[in-house]
Amino acid sequence: MATQYKPKNILITGAAGFIASHVATRIVKKYPDYKIVVLDKLDYCSNLKNLLPISSSPSFKFVKGDIASADLVNFILVTENIDTVMHFAAQTHVDNSFGNSFEFTKNNIYGTHVLLEACRQITGQIKRFIHVSTDEVYGETDEDAVVGNHEASQLLPTNPYAATKAGAEMLVMAYGRSYGLPVITTRGNNVYGPNQFPEKLIPKFILLAMRGEPLPIHGDGSNVRSYLYCEDVAEAFEVILHRGEVGHVYNIGTNKERTVMNVAKDICKLFNLEADKAIKFVDNRPFNDQRYFLDDEKLKSLGWSERTHWEEGLRKTMEWYVANSDYWGDVSGALLPHPRAMMMPGGYEGSKEVKGMLDQFNNIQTKVAPISDSVRETHPFKFLIYGRTGWIGGLLGKICEKQGIPYEYGKGRLQERSSLILDIQTIKPTHVFNAAGVTGRPNVDWCESHKPDTIRTNVVGTLTLADVCMEHGLLMINYATGCIFEYDAHHPEGSGIGFKEEDTPNFTGSFYSKTKAMVEELLKEYGNVCTLRVRMPISSDLSNPRNFVTKISRYDKVVNIPNSMTILDELLPISVEMAKRNLQGIYNFTNPGVVSHNEILEMYKEYIDPGFKWTNFTLEEQAKVIVAPRSNNEMDTTKLKKEFPELLSIKDSLIKYVFEPNRKVPAK
């Protein structure tokens with residue numbers, strides 16, 4: 001038997017739907033030490049009532065949202081520390097897929113892809129990704145087949161729904177093989193039982209029988225299907241969760257088959273109806289598979305077996321629908337012989353009762369996870385930082401840790417407003433730091449061939465964050481660039497006359513600089529922004545390839561021009577202090593004075609490597625090996641120096657923070 005797996009925090013997608021709600025309910029009740037987070041967009045066939053039995057459980061949390069929202073999915077995975085995903089969310093009704101196939105592609109393929117990619121990005125956190133597929137991916141089984149489709153059988157889907165589920169499976173398999181994502185796939189027979197939306201055969205026939213209306217059968221009713229009761233299927237997923245092997249596929253099926261005609265007749269018996277009078281034949285689907293037949297031996301080897309006999313399950317289902325006839329509200333559109341999604345009720349939006357339940361679930365969600373308020377009570381500051389994977393963003397986190405300042409990194413994408421609002425409402429910061437942005441990969445030349453990407457982050461994203469911060473009364477510290485100026489007649493090289501904060505940018509040689517100058521001008525309209533113009537950043541970490549000292553020490557040739565530069569070890573703590581002081585406006589964020597490439601390399605030779613040699617070349621020669629020109633300038637730091645008189649000059653700061661800590665050559 002496979003090794004027992006024990007999850008901690010499970011994300012179940014689509015759990016306001018039929019099958020997943022039974023799975024979620026079973027796990028919450030049976031395993032109270034597991035945390036269950038449900039993500040569901042509450043489509044027409046979902047219902048919050050399905051989750052009421054577990055809504056008050058302290059280990060349960062509901063989030064209304066779409067799996068196709070990458071930011072929301074990323075946010076949930078990280079903040080809830082999800083280690084297990086059970087992916088049920090999908091469009092599933094075959095009839096709908098013939099008339100609304102693009103929606104199936106969007107939900108079933110794209111939605112699954114978003115979920116997989118989000119799991120891939122948090123390397124090592126996800127221990128199980130259970131993807132729920134369908135027996136329909138196998139296509140039609142031969143009528144005379146004695147052995148059902150096994151897990152290695154070829155996938156031959158025959159309708160749009162099945163095709164999208166097969167496509168999703170291919171993505172799951174690819175992520176398992178390419179990225180090592182620990183995936184398991186299930187393929188199940190038809191499921192029936194309480195809570196099922198009546199677009200499906202059994203609840204539709206039961207409700208029609210209750211109303212005394214005819215039971216419509218597609219074609220001649222000879223199509224064969226296998227049916228499993230919902231509780232048995234929930235148990236199957238419990239077994240697969242704990243004992244399923246990564247990389248494997250498991251059929252969830254039964255060898256007991258029934259024709260559609262037999263199902264209709266059995267329901268007629270329950271209601272004492274004459275089948276000949278109650279049943280009517282209607283046009284068949286565009287393609288209606290004659291038979292699906294599964295080999296379920298692999299799952300049985302894990303210890304699972306079907307428990308509920310057909311007669312018992314059908315009776316329990318009938319009794320539930322009789323007792324809950326108005327559970328779904330007006331479902332007349334779903335009861336038509338050939339329903340379409342546009343005929344269905346409008347999900348949770350259509351019911352005041354369900355809206356009230358959504359409020360209740362949101363309250364439960366709030367009770368499960370708040371941490372920000374208690375932190376705020378014990379510390380006057382809490383920082384929200386964007387740019388976790390960036391150089392400056394990473395250093396800011398370390399500074400906060402050193403100073404004991406509570407902080408969190410933003411999960412949202414800058415250009416997606418709703419995700420930024422979610423971050424702020426969840427984290428409740430006192431200040432926001434924007435250290436995210438596109439600077440180029442590996443340098444600004446990248447921006448020349450990726451202009452829309454550069455605009456999206458540097459302009460749209462930054463402005464969106466500033467606007468959201470203003471709405472929430474928050475100061476945004478924005479790390480910008482001083483590479484928007486170049487020496488000119490009024491600021492000649494070597495003159496000591498630097499560009500001031502109020503000067504108009506005059507360097508447009510690179511697209512990167514253009515976007516930065518553009519967004520800086522627009523940010524002047526926001527009174528809640530402190531813009532810090534960083535230039536040629538340097539830190540004590542000489543192993544970092546983005547460090548200006550490291551860069552030029554590895555170049556074959558360098559130009560030799562004096563420039564203003566930023567020593568991060570000294571200035572980043574100052575930016576934190578600026579946030580505490582609630583400073584606003586623009587600041588040239590460099591050390592006073594200038595230093596040339598050769599002067600830095602002379603220091604490198606003196607402190608690090610006595611044998612180091614380099615060669616200079618002119619700007620004209622440099623232009624032949626770069627795509628976009630580079631900015632060279634001196635910044636006036638009078639404004640910053642007035643606020644922080646202790647600020648060291650660039651050369652003194654280089655020695656104190658960079659070269660002395662890295663000294664390899666004994667002092668003379």
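Helices and strands are here DSSP runs, of at least four residues for helices and at least two for strands, numbered from the N terminus.

**Figure 1. Overview of the predicted model.** The model is predicted. On this numbering the protein has 24 helices and 20 strands. Its chain counts 668 residues, of which 56% are buried. Among contacts with a separation of 6 or more, 82% join residues 24 or more positions apart. The accessible surface is about 28,600 Å², and carbon and sulfur atoms hold 51% of that surface.

Figure 2. Seven strands make an open sheet in the order 3-2-1-4-5-6-10, and their pairing is parallel. Strand 3 (60–64) and strand 10 (249–252) are the edge strands; each has a single partner strand, so one side of each lacks a neighbour in the sheet. From one strand to the next the twist averages 20°. Five bridges link strand 2 (residues 35–40) with strand 3 in the parallel sense, and V38 stands opposite F62 of strand 3.

Figure 3. Strand 2 (residues 35–40) pairs with strand 3 through five bridges. Helix 2 (residues 70–79) packs on this sheet and touches strand 1 (9–13), strand 2, strand 3 and strand 4 (84–87). The direction of helix 2 makes about 175° with that of strand 2. Helix 7 also packs on the sheet, where it touches strand 1, strand 4, strand 5 (128–134), strand 6 (183–188) and strand 10. With the direction of strand 10, that of helix 7 makes about 165°.

Figure 4. In soluble globular proteins, nonpolar side chains tend to be buried together. The largest nonpolar core in this model has 75 residues, and I12, I27, M86, I202 and I267 have the most contacts inside it. Helix 7 (residues 230–243) contributes the most to this core, with eight residues. Beyond residues up to four places away in sequence, I267 touches I202, F205, I206, A209 and L314.

Figure 5. Three strands form an open sheet of mixed pairing, in the order 7-9-11. Its edges are strand 7 (190–192) and strand 11 (257–259), each with a single partner strand, so one side of each is left without a neighbour in the sheet. Direction ignored, neighbouring strands here are turned by 50° against each other on average. Strand 9 (residues 224–229) and strand 11 run antiparallel and are joined by three bridges. R225 faces an arginine across this pairing, standing opposite R258 in strand 11. Helix 8 (residues 260–270) lies across strand 9 and strand 11, at about 85° to strand 11.

**Figure 6. Strand 17 and its pairing with strand 16.** Six bridges join strand 16 (residues 475–481) to strand 17, and the two run parallel. I477 stands opposite C530 in strand 17. Six of the six residues of strand 17 (residues 529–534) are buried. In a regular strand the side chains alternate between the two faces of the sheet. V529, T531 and R533 point one way from strand 17, and C530, L532 and V534 point the other way. Both sets are buried, R533 included.

**Figure 7. Helix 18.** F511, Y512, S513, T515, K516, A517, V519, E520 and L523 are its buried residues.

**Figure 8. Buried loop residues.** N195 lies in the loop between strand 7 and helix 6 (201–211). Its phi is near 80°, a positive value in a residue other than glycine. The relative accessible area of N195 is 10%, which is under the 20% limit, so N195 counts as buried. M536, in the loop between strand 17 and helix 19 (548–554), also has positive phi, near 40°. At 14% relative accessibility, M536 is buried. T637 sits in the loop between helix 22 (619–623) and helix 23 (638–643) and is buried, at 7% relative accessibility. Apart from neighbours within four places in sequence, T637 is in contact with N588, T590, N591 and P592.

Key
Residues numbered from 1 in each chain as written. Predicted model: local features only at pLDDT ≥ 70, side-chain atom pairs only at ≥ 80, totals over all residues. Heavy atoms only, no water. Buried < 20%, exposed > 50% of the residue type's maximum accessible area, 1.4 Å probe, protein only. Contact = heavy atoms within 4.5 Å. Areas by Shrake-Rupley, 256 points an atom, 1.4 Å probe, with all protein chains shown as cover. Pairing = 2+ DSSP bridges. Axes fitted to C-alpha atoms, helices over the stretch in contact; angles between N-to-C directions. Core = buried A, V, L, I, M, F, W, Y, C linked by side-chain atoms within 4.5 Å.
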